[in-house]
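User: Could you walk me through some of the labels used for this protein? I would like to see how each one is reached.
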Amino acid sequence: LGTPTSSGGDPNPVYGYKYYPDYLGSGGGGGGYSACLGGNGGGRVTLNTGNAIIDGNVHANGGDAPNPGCAGGGGSGGSILIFAEAISGNGYIKTQGGIGRCLSGCSEYGGDGGGGRVAIYTHVPSFPANHISAQGASNGSSGAQPGSIVYLTCNYESNVGIDTVLSPQPGIIPFDTVVIPKVVVRNYSLTTQFFPVQVQIGNYADESLLNLAPGQKATLTFAP
């Protein structure tokens, strides 16, 4: 998810979780006075189903700046997370950024909205990958960053999980102590599994992607 700034500004970096996207998009910056508004941020979609047939549109796009002629910024794309046994159809899945507007004569542009994030986990991936988009807008400013797309064939219901928490240890953690989360993840199933792992402690969260053989363990160290 990337967010634009006010008139003439550069878009901010992409943020949020790649494998478990759940952030809303950010609204675009205003263009310097009250009537010059930015576009709305994109929403959030989570779908957990058996057979997903998408022949329409699943969108969490950022909104375009609403007022041509003043340099409002575009909103950034939101998040779409889908778990489905099978996914097919000929529709579109998008978390695109909204466009920023320009001042009269286009001497100055509002920032464009960055792309959001899409993650799809399925057993049968029959939905066309080229119908999935997380592009940032590009309407003449410095250009917004794209978001991310994860489209994986995996057994997401598999029996995998945390084997041991190495850090933080139970008990009281002194104030201002830097704790680096470290866990051992194990595949308890009878088949090789390809899956994402997210660790969340209070407001902190980080994620990683693993491919483990049956019974295999892996130690994950997350950024502090």
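Analyst: Happy to! Contact means heavy atoms within 4.5 Å. By that rule, Q193 touches N155, S158, V160, N187, L210, N211 and L212, leaving aside residues up to four places away in sequence. This is a predicted model, where local features need pLDDT of at least 70, side-chain atom pairs count only at pLDDT 80 or more, and totals for chains, interfaces and linings use all residues. Residues are numbered from 1 along each chain as its sequence is written, and side-chain values use heavy atoms, with hydrogens and water left out.

User: Why is Q193 called buried?

Analyst: Buried means under 20% relative accessible area, exposed over 50%, and partly exposed in between (1.4 Å probe, protein chains only). Q193 has 2%, so Q193 is buried.

User: What makes Y23 partly exposed?

Analyst: Y23 has 34% relative accessibility, so Y23 counts as partly exposed. Y17, with 14%, is buried.

User: Why is the pair of Y17 and Y23 called edge-to-face?

Analyst: Rings of Phe, Tyr and Trp (its six-membered ring) pair if their centres lie within 6.5 Å; planes under 30 degrees apart count as stacked, over 60 as edge-to-face and the rest as tilted. Y17 and Y23 are 5.3 Å apart, centre to centre, with 90° between the planes, and the pair is edge-to-face.
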